[in-house]
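Hello,

Here is the structure I promised to pass on. Please take a look, then read my notes below.

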Amino acid sequence: MFGIVWTTDLLLLTIPSIALTGFMLLGLDPLRLRAFEIRVLAILGGVGPLIPMLVFATECFHGSCIGAVPIFTLVVGESTVALALQLDPLSALVGLTVSIIGAAVILYSVAYMAGTALGDLRRFFALMHLFLAAMLTMVLAGDSIVLFLGWEMMGLCSYLLIAYNTTSAQAIRAGRKAFIMTRFADAMLLAALLLLFLEANSVRLDALIPAGVAAQDGMRPIIAALLLGGAIGKSAQLPLHTWLPSAMAGPTPVSALLHSATMVAAGAVLLIRFAPILAAEPLLQALTAILGAATALFGAASALVQQDVKRLLAYSSISQIGTMMLSIGVGAPQAAAAHFVVHAIFKSLLFLAAGDIAHHSPQGTALAALRGARQRKPLAFLAFLAGAASLAGLPVITAGWWSKEAMLAAVWSAGPILWVVALATAVLTAAYATRAALVAAQPAPAAEAAQDDSSDTGYTLFPLAFLGFGALLAGGLVNPIIRFLGGDMPHAPAFTLAVAAIAPIAGAVLALALAPGAADTPMPAARTGGRRASVVDRVLRVLVIQPFVRLVRWVNGQDGGVEDPVGTGPARLVVWLRRTLAGPTAPDRADRLYKRAFVLPFLQLVRRLNGYGSGVVDPLGNLPARAVLRLQRALADALAPDWIDRWWRRIGAALLSIWTSARRLQTGRVRDHGLAMVAGTAGLLLLAWGYSWH
Amino acid sequence: MSDTAFTGLILLAGALFAVGCFGVLARRAILVQLLSLEIALSGPALAFIVAGARHGQAAGQGMFVLILVLAAAEVALGLALYLRLRRRSDVTDSDTLRELRH
Amino acid sequence: MALTLLILFPFLGGVFALLAGKAEATAARIAAAVFLICGLLTLAWVVQHGDSGRWIMQSRHAWAPALGVNIILAIDGLSFILVALSLALGLLTVVLSWNSTDRAPLLHAALCWTVAASNGVFLSFDLVVFVFFWEMMLIPAFLLIAIWGHANREAAAMKFLIFNAIAGLGLLAAVFWIGATGPTLSFDAFEVAKRDIPVAAQIWLLLGFALAFMVKLPAPPFHAWLPDAHTEAPTVGSILLAGLLLKTGAYGLFRFPAMLFPEGMHVLAPWGMALGAFGTIYGALVACGQTDAKRLVAYTSVAHMSVVLMGICGGVHFSLMGAGIVMVAHAFSASALFLLIGAIHDRVHTRDLRELGGLQRSAPRFAAAFALFFAATLAMPGTANFLGEALVITGLFQVNWVYASITLVSLVISVVYGTRLFQRIVFGTARKTPVSLDLSFRELGPVIALAIGTLLFGLLPQFLMFGLDTAVNSAVDSLNAAAP
């Protein structure tokens with residue numbers, strides 16, 4: 001009846017369906033579940049999609065992607081609805097990344113959310129499952145309807161997840177802001193998809209994209225611009241980036257999933273998917289590159305001045321996805337896809353590790369809450385270091401370096417200016433990554449050192465260890481990924497490679513220069529006192545920290561700490577950045593500008609329409625009634641003293657007075673009435689007599 | 001019947017009626033008013049008889065009988081009402097009975 | 001005969017409810033429910049035994065041949081969907097008011113009569129009979145608001161009646177003009193459709209028709225009756241208002257202008273689209289500032305029905321199809337929201353968004369239902385609302401991209417009012433008494449039915465699309481044939 005033809009390829013449906021089933025079971029109210037059952041369901045729904053995904057992806061990596069799988073095709077009159085899933089190299093790669101990260105994050109949250117109430121726990125995992133299902137749906141979509149379904153559901157889930165703490169006004173505001181701003185993007189994407197549908201007369205992606213490339217009549221730039229707009233909004237790129245830093249009000253696992261592989265990265269995935277259309281419009285491609293570069297630089301600079309670790313990571317995501325956009329803009333979507341994978345790994349790792357370290361910290365998610373990580377959570381600390389190193393792109397030993405190198409090489413071929421911007425981004429990225437790592441390396445103040453959190457369980461350790469190794473070792477995948485997606489490894493002159501390799505180190509030095517106190521702390525052998533200095537500590541000190549400290553001291557031309565921190569060049573840079581970008585925790589300038597330019601006028605308009613000030617609620621709706629009233633005043637009120645009516649009234653009044661005087665005759669006494677009768681009879685007789693008497 | 005006798009009797013009849021009328025209008029005792037009413041009725045009754053005798057017609061006497069019946073009925077009704085009033089609220093003064101006004 | 005039964009059964013249901021209710025209140029609601037179910041069964045029979053052509057079934061009875069008035073009934077996919085919707089919503093409201101104690105027999109009778117009259121509107125093709133049912137519909141709806149409403153019910157009911165009765169005069173005048181100017185005295189819509197009415201006359205006639213339809217729809221600036229009526233009406237009244245009465249306006253616009261006055265439609269459609277575009281933004285903006293939950297939903301109705309207006313005036317296949325789907329989808333989502341808000345009002349006696357909150361903690365089932373229909377109001381993909389609006393936008397892109405963009409903007413604004421409604425009720429903590437009682441089973445049944453409708457038609461739209469296809473095609477053909 002629905003035109004569904006059952007094949008084994010339809011098993012592709014199970015990938016999002018497993019997560020969706022998890023959502024439905026957890027969301028189903030009549031089902032009474034205990035905490036243990038919720039946890040089991042959460043893990044099943046979170047890890048479950050990975051299994052079919054692995055099977056399908058492996059098949060695909062061996063060169064036999066099953067391609068589009070029609071679910072059902074429906075032709076009604078002119079309209080054709082052909083829903084389909086699709087497993088091509090891109091969706092296999094991204095889908096696998098998403099399901100791995102999703103599984104890791106959900107495993108981790110089983111431990112992270114352990115203390116929450118039962119109902120909230122259910123809601124949390126149900127929404128996480130829905131979120132994961134939505135992203136998988138979007139990634140595996142073979143037609144624009146399913147694509148948009150996943151895309152839009154993600155927006156809704158992000159709203160509900162960011163506002164997960166429903167008693168916090170700030171969280172609710174942040175969720176709403178994210179939802180409204182991404183909805184702008186959604187509207188643009190919807191317009192693009194509908195226009196593509198009109199061009200292709202089909203909703204299938206394999207028909208849409210060629211039709212988009214072949215579009216005439218000036219349609220192609222419009223479609224490409226709308227696609228770009230959609231991606232920018234969802235990926236929090238300039239100028240629609242402001243929702244992401246606020247979205248940190250959600251729980252840490254939500255941020256980990258939101259930032260690394262889903263929601264925010266979805267914009268990049270979308271542009272990679274529709275890259276052929278973008279490639280056909282050089283102007284928009286250039287715009288993508290410029291916006292990406294600007295966002296990358298801006299995000300990195302903003303991250304440098306943040307005092308909150310989650311906000312820092314938020315700006316980092318903005319910046320990193322900016323570099324992906326840049327890469328897409330210079331015509332190397334494959335390199336962007338590779339960086340998407342690597343970024344997903346290290347960003348989720350950073351969030352999870354930071355969340356683990358700062359969980360239950362009295363400082364919340366402030367950067368300072370990371371202090372003492374080395375003592376309290378050595379493994380999480382190591383994982384954080386691995387993530388930060390990968391983010392910074394330390395040469396050769398981290399995955400981040402490889403993907404970044406590929407992108408930088410691609411950018412070099414597009415032009416030196418963009419390359420310089422990208423390089424500056426790389427330096428700043430390394431600087432803020434190092435800065436965060438340095439804070440984490442500091443010992444905690446004595447007051448906090450004593451308190452120890454619950455010990456780590458396998459639920460946290462396994463994802464951290466797995467992702468940590470991934471963040472370091474996945475570099476070997478970059479080249480295969482690019483080839484797998486049908487691209488070539490970009491080549492660039494050797495000197496640019498060398499410069500790019502120095503960039504992270506320069507950034508790290510910059511960070512050390514910025515935090516003069518921090519430069520001393522890595523060697524606190526005395527301060528750890530009686531504690532056994534762990535192998536980790538020793539290895540780190542000898543291999544990483546000490547050489548850096550020497551380098552920093554050398555850069556500063558002195559041996560001791562810096563006396564006047566504001567006086568040094570790098571510190572001045574930070575002060576300047578902070579002033580320009582308006583503070584580490586306050587909303588940034590763009591946020592305030594939007595508030596003035598859009599939010600407040602909108603509110604004012606709504607208020608005006610609702611009768612604040614002028615006093616008329618719904619002025620237009622009252623127009624007919626007011627018009628009638630005015631008509632009445634003009635016509636009826638002019639005739640209001642109705643003269644005829646007035647005469648009638650006067651007659652009535654006269655009758656009334658006659659009646660009252662006549663009434664006075666009625667005494668009710670028999671004698672009076674008798675007299676009246678006699679007089680009347682006499683009068684009548686007289687009258688008769690008078691008539692008869694001629 | 002001579003003209004003189006006729007005139008005299010008619011005047012007598014008028015006088016009887018006038019006396020009755022006066023009694024009804026001037027006296028307040030209900031019983032007296034009823035008596036006066038009887039007197040007033042006898043005036044026209046006499047006038048009918050006189051007129052019948054004068055014109056030699058029997059209709060005058062017929063009318064007399066009618067008035068007699070009328071008076072009897074009226075007295076019966078009046079006395080019944082009077083007795084009822086006495087029994088209910090001991091009223092003899094007709095001026096106090098003003099409820100009909102309303 | 002079967003078509004007559006579709007009108008007669010709900011009507012008789014009302015009569016029997018009133019008669020039986022004198023003796024026993026239970027008998028009244030059973031009578032109402034049974035007759036509505038009989039109506040649904042008749043509808044199923046009609047489809048079983050109908051044709052597959054343009055009309056599933058037609059019937060014609062003489063009524064007053066000397067006046068040219070006959071009872072001409074016909075049903076196609078569009079009418080079928082709407083009649084099914086009206087009977088189902090009628091049944092739903094009867095179930096919902098099952099335990100009502102305040103003049104329950106009359107309440108059930110009023111519900112049945114509303115259904116009967118709107119079925120008459122959806123089936124009649126003799127214009128005089130159409131006008132008869134059109135006006136008939138006002139009476140039970142008026143009673144619903146005026147008797148069982150909230151504090152300001154009399155004023156709201158009068159406003160409802162005045163707006164719609166005056167607007168009905170436009171329709172009446174146009175219908176009489178048509179009857180009087182024809183070669184023979186006939187009000188048969190099929191014959192009128194064949195007549196060659198001059199364009200200037202068509203425009204005036206269309207304006208007369210459109211006045212009635214647009215007030216019922218409602219399109220700005222004629223929408224002021226709706227927020228008041230919705231706010232003051234009891235829950236079942238709001239459901240029938242949103243689910244049925246507004247749909248009669250949309251149905252009228254869908255059916256008659258393209259059928260009777262295609263040339264006039266070509267002249268006026270751009271204005272209609274402009275009005276719709278304005279209305280969807282205006283309704284959404286006003287909704288953003290409401291503090292009364294029911295009023296907010298009422299203004300979103302204005303916004304969504306304006307999208308329907310745009311879709312109909314777009315006059316292309318996609319936009320008409322989308323308009324039809326939005327009509328049905330809006331009936332589900334708005335009814336459900338009114339139901340939920342009504343249930344909240346029953347519990348805590350307030351609908352003020354500033355006083356509500358914390359539903360998610362105190363009544364999670366409530367919150368889940370709210371989340372679903374909140375998503376439907378926002379036209380989330382997967383709900384029928386999305387499908388309809390997306391098709392309307394697609395169609396508008398073919399006609400005029402400006403209107404398509406405006407509809408997209410209204411989608412963005414819908415998030416603003418949607419989240420306002422949702423988070424003020426569901427999130428946070430109650431500022432007054434919290435809603436402690438979760439949805440009862442009697443409420444849950446209708447909610448689940450509406451949820452299934454929303455999701456079913458969102459994910460498997462073929463039922464709707466097959467049904468709408470013939471009506472959409474004939475409207476498009478008629479408009480294309482008249483294209484200048």
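First, a term: a residue is called buried if 20 or more other C-beta atoms lie within 10 Å of its own C-beta atom. By that rule, 53% of the 694 residues in chain A are buried. Keep in mind that this is a predicted model.

Chain A

The secondary structure of chain A consists of 32 helices and two strands. Take the contacts in chain A between residues at least 6 apart in sequence: 80% of them join residues at least 24 apart.

How the chains meet

Two pairs of chains touch, and the pair A and C has the most contacts. Chains B and C do not touch. The nearest C-alpha atoms of chains B and C are 41 Å apart.

Chains A and C

Chain A gives 42 residues to this contact, and chain C gives 43. On the chain A side, H7(A) supplies the largest share, with 13 residues. Helix H7 spans 169–200 of chain A. Other elements of chain A giving two or more residues here include strand E1 (67–76), helix H6 (144–162), helix H29 (589–609) and helix H30 (623–636). By class, the side of chain A that touches chain C has 26 nonpolar, nine polar and seven charged residues.

Chains A and B

Here the contact takes nine residues from chain A and 10 from chain B. The chain B side has five nonpolar, four charged and one polar residue.

Best wishes

Key:
Residues numbered from 1 in each chain as written. Chains lettered and ligands numbered in written order. Predicted model: local features only at pLDDT ≥ 70, side-chain atom pairs only at ≥ 80, totals over all residues. Helix = DSSP H or I, 4+ residues; strand = E, 2+ residues; numbered from the N terminus. Buried ≥ 20, exposed ≤ 12 C-beta atoms within 10 Å, placed from the backbone. Contact = placed C-beta atoms within 7 Å. Nonpolar A, V, L, I, M, F, W, Y, C, P; charged D, E, K, R; others polar.
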